[in-house]
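Hi everyone, thanks for coming along this morning. Let me put the model up on the screen, and then we can walk through it together.

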Amino acid sequence: MKNQENSPENPPRIFGVKDIAESTSKTPTAIMGIPQHGKTTLAKWIVAELIKMKNVKVRIFDSSLQWIFNTPVDYVFHVPEPIKTLIDEDGKTVIIYSDIFSIAPHIVKDLLSYDNIAINFANINDFDYERELMSKLILHDKNQLVSEVMNNKGEIINRVVYIFEESQTTVGSNVMRRKEMAFLSKAVSTGANWGLSFLIVTRRAGEVSTKIFEHTVTKCVTNSTQPNCLKKMSRIFPKNSVAKLKTLGVGEFLVLTPKGVFDLKTEKYPKGKHAKIIDIVIPKKKGFWGRLKDKLFR
Ligand SMILES: Nc1ncnc2c1ncn2[C@@H]1O[C@H](COP(=O)(O)OP(=O)(O)OP(=O)(O)O)[C@@H](O)[C@H]1O
Ligand SMILES: [Mg+2]
């Protein structure tokens, strides 16, 4: 690892995973690059450091089962598939929707009772539920952190870092509604003022909302041969670095920071620790429709 802007008076300073974790605890970071190049592995090393820090909590949004095995977190919450079922009753067709929206307060309460968690969503094509829960948790954390800052005359005591895996599916410019975009981009751009930060992981940097992406202060990029991603990178990386981005191997990153561009080589994440999986339980509903839904959800 070396600082490309070093000089005899300014000796190279290593910018490693610990430094990235330190900056991620305070300001947003992005990890980008093509599939299977070590993005999640780097994110796990960063999260392992964040967890060691005093007064930092992590909340990981994952729908790709990447944080259950060989993971730094102790618990993974599993949110079930939102069920939409067609039932033929007395010749009538009835559509039953999952009540996952209405149970969100119950889920939020459960999730907030843990310090460091990953949340796994079973949904494969509908990320509205994920954004709904994401926004609710962020809002809760924001209110909590802001009140602490106000009571302590501006001093930030506790921090919460949100990690968005495959973030193009949740904070992609094509998938968010305007209100969600306004809320999430504001959280990312202003969260540092009260102790909220983000780690945005994506294999499709070109699709992540620019409003969110432009507020990431540290950018860790591995191989980026995709035209959309390269285009975005060529706007932010110095010219001599862009060509290098096409040659990076697994676990090799260029890290763009306010202090310059650094090389980073990670190691494989150690095998072993698996998280405990906690299934979200859907509460029983009253009445005929409730009993029907309970039957379906059983
Ligand atoms: N530094 C490294 N050295 C050796 N192998 C590594 C390193 N980092 C990651 N790997 C291996 O490369 C594979 C992909 O790693 P990882 O899942 O972190 O990539 P990814 O970029 O998140 O992939 P995807 O885009 O599919 O989510 C895994 O088998 C992992 O063990
Ligand atoms: Mg990954």
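So, how many helices and strands does the chain have? The chain has 9 helices and 12 strands, where helices (H or I, at least four residues) and strands (E, at least two) are DSSP runs numbered from the N terminus. A word on conventions: this is a predicted model, so local features need pLDDT of at least 70 and side-chain atom pairs count only at pLDDT 80 or more, while totals for chains, interfaces and linings use all residues. Residues are numbered from 1 along each chain as its sequence is written, and chains are lettered from A and ligands numbered from 1 in the order in which they are written.

Let's begin with the sheet. Here 10 strands form an open sheet with mixed pairing, in the order β11-β10-β9-β1-β8-β7-β2-β6-β3-β12. Two strands pair if DSSP finds at least two bridges between them. At the edges sit β11 (260-265) and β12 (276-279), each of which pairs on one side only. From one strand to the next, the twist averages 20 degrees.

Strands β9 (residues 218-221) and β10 (residues 252-257) run antiparallel and are joined by 3 bridges. Across that pair, Val 221 stands opposite Leu 254, and Cys 220 stands opposite Val 255. On to the next pair: β10 and β11 are antiparallel too, over 6 bridges, with a hairpin joining them through 2 residues.

Helix α1 (residues 17-24) lies across β1 (29-32), β7 (159-164), β8 (196-202), β9 and β10, and runs at about 140 degrees to β9. For that angle, axes are lines fitted to C-alpha atoms, for helices over the stretch in contact, and angles run from 0 to 180 degrees between N-to-C directions.

Which residues touch the most other members of the largest nonpolar core? They are Ile 46, Ile 163 and Val 255, out of 70 residues in that core. By nonpolar core I mean a set of buried Ala, Val, Leu, Ile, Met, Phe, Trp, Tyr and Cys residues joined through C-beta atoms within 7 Å. Leaving aside neighbours within four places in sequence, Val 255 is in contact with Phe 15, Ile 20, Thr 218, Cys 220, Val 261, Phe 262 and Leu 264; contact means C-beta atoms, placed from the backbone, within 7 Å. In soluble globular proteins, nonpolar side chains tend to be buried together.

For the chain as a whole, buried residues make up 39% of the 298 residues. A residue is buried with 20 or more other C-beta atoms within 10 Å of its own, exposed with 12 or fewer, and partly exposed in between, with C-beta atoms placed from the backbone. Among contacts between residues at least 6 apart in sequence, 76% join residues at least 24 apart.

Next, the ligand. Around ligand 1 there are 13 residues, the closest being Gly 38, Lys 39, Thr 40, Thr 41 and Gly 251; a residue is near a molecule if its C-beta atom, placed from the backbone, lies within 6 Å of it. The shell divides into 2 nonpolar, 7 polar and 4 charged residues.

Let me finish with a few individual residues. Is Gly 249 buried or exposed? Gly 249 is exposed because it has 10 C-beta neighbours inside 10 Å, and it lies in the loop between α8 (239-245) and β10. Lys 153, in the loop between α4 (128-151) and β7, has a positive phi of about 50 degrees although it is not a glycine. With 6 other C-beta atoms within 10 Å, Lys 153 is exposed.

Methods
Contact = placed C-beta atoms within 7 Å. Nonpolar A, V, L, I, M, F, W, Y, C, P; charged D, E, K, R; others polar.
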